[in-house]
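Subject: Handing over a structure, with notes on what was found

Dear colleague,

Please read them with the coordinates open beside you.

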Amino acid sequence: MIITLYSVAETLLFGQCLSHALSQLCPSPRILLYGDLGAGKTTMSRGFVQSLRGAKQAEVSSPSFNLLNIYPTTPPVAHIDLYRLEHGLLGDDILDILEDEHYFCIVEWAERLEGIQLNIDWLRLYWHIEHSTEAVRSVEIQVKHNNILSMLHSTLKKSPLQGNINLRTEANKDCA
């Protein structure tokens with residue numbers, strides 16, 4: 001599935017829809033974000049966190065310099081940014097959080113996880129800045145299990161983003 005986002009407001013709304021959809025799954029899959037600087041990963045993460053209980057105490061920002069922010073939401077969100085790490089060089093504390101079903105986990109620069117096997121479901125979001133206008137983003141969504149995609153699609157169809165969805169099943173082949 002691909003979703004096109006035309007503004008910061010739509011990017012925030014996408015994060016809220018993602019939070020709503022994943023809140024219905026237990027345990028929630030890890031959200032793995034791929035894309036260039038400025039592609040919308042942190043903005044989406046802000047929308048995700050803001051839709052949870054306790055978000056008023058959470059100031060969402062990119063955790064680039066400390067690698068990890070844990071937001072006091074219900075459930076808590078572990079926001080991990082691997083931009084400053086070499087591929088595959090994660091500490092045990094980060095790996096433990098990635099496997100801990102107690103947290104929603106959002107991982108920016110997930111390509112740095114290459115070679116690390118996650119023993120929990122995941123959702124990959126590949127962010128692309130459209131070259132025709134820097135305000136437009138497309139997000140290709142890949143999942144480990146199709147029930148995650150079905151839940152997200154159902155949530156998005158009920159939102160103002162319903163017209164932004166392009167269903168494409170070939171992107172999800174070979175993801176298991």
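To begin inside the fold, the buried residues of H2 pack against H1, E2, E3, E4, E5 and E6. Please keep in mind throughout that this is a predicted model. H2 is mostly covered, since eight of its 10 residues are buried, and these are Lys-41, Thr-42, Thr-43, Met-44, Ser-45, Gly-47, Phe-48 and Val-49.

As for the overall layout, the chain holds four helices and eight strands, which follow one another along the sequence in the pattern β-α-β-α-β-β-α-β-β-β-α-β. Of the 176 residues of the chain, 52% count as buried; and among contacts between residues at least 6 apart in sequence, 65% join residues at least 24 apart.

The sheet

The eight strands make an open sheet with mixed pairing, in the order E3-E4-E5-E2-E6-E7-E1-E8. Its edge strands are E3 (68–71) and E8 (165–166), each of which pairs on one side only. Strands of a sheet pair through backbone hydrogen bonds, in either the parallel or the antiparallel sense.

E4 and E5 then pair in the parallel sense over five bridges, and here the partner of Val-77 in E5 is Phe-104.

Further along, E2 and E6 run parallel and are joined by five bridges, where Ile-31 has Leu-123 of E6 as its bridge partner. Leu-123 also has a bridge partner in E7, namely Val-143, and E6 and E7 run antiparallel with seven bridges between them.

Helix H1 (residues 8–22) lies across E1, E2 (30–34), E5 (104–108), E6 (122–129) and E7 (137–143), running at about 170° to E6.

Two packed helices are described by the angle between their axes and the distance between the axes. For H1 and H2 (residues 41–50), the angle is about 50° and the axes are 7 Å apart; the two helices are therefore oblique to each other, and H1 passes H2 in a right-handed crossing. On the H1 side the contact is made by Val-8, Thr-11, Leu-12, Phe-14, Gly-15, Gln-16, Leu-18, Ser-19 and Leu-22, which meet Thr-43, Met-44, Arg-46, Gly-47, Phe-48 and Gln-50 in H2. By class, this contact has seven nonpolar, seven polar and one charged residues.

How many of the residues of E4 are buried? Five of the five are, so E4 is largely enclosed by the rest of the structure. Both of its faces are covered, with Val-77, His-79 and Asp-81 buried on one side and Ala-78 and Ile-80 buried on the other.

Pro-76 is found in the loop between E3 and E4 (77–81). Is Pro-76 buried or exposed? Its relative accessible area is 14%, and because buried means under 20%, Pro-76 counts as buried. Leaving aside its neighbours within four places in sequence, Pro-76 is in contact with Ile-70, Tyr-71, His-102, Tyr-103 and Phe-104; of these, Phe-104 is also the bridge partner of Val-77 in E5. Pro-76 and Arg-53 are 23 residues apart in sequence, with their C-alpha atoms 9.3 Å apart in space.

With regards

Key. Residues numbered from 1 in each chain as written. Predicted model: local features only at pLDDT ≥ 70, side-chain atom pairs only at ≥ 80, totals over all residues. Heavy atoms only, no water. Pairing = 2+ DSSP bridges. Contact = heavy atoms within 4.5 Å. Axes fitted to C-alpha atoms, helices over the stretch in contact; angles between N-to-C directions. Parallel < 35°, antiparallel > 145°, perpendicular 65-115°, else oblique. Left-handed = near helix turned anticlockwise from the far one by under 90°. Nonpolar A, V, L, I, M, F, W, Y, C, P; charged D, E, K, R; others polar. Buried < 20%, exposed > 50% of the residue type's maximum accessible area, 1.4 Å probe, protein only.
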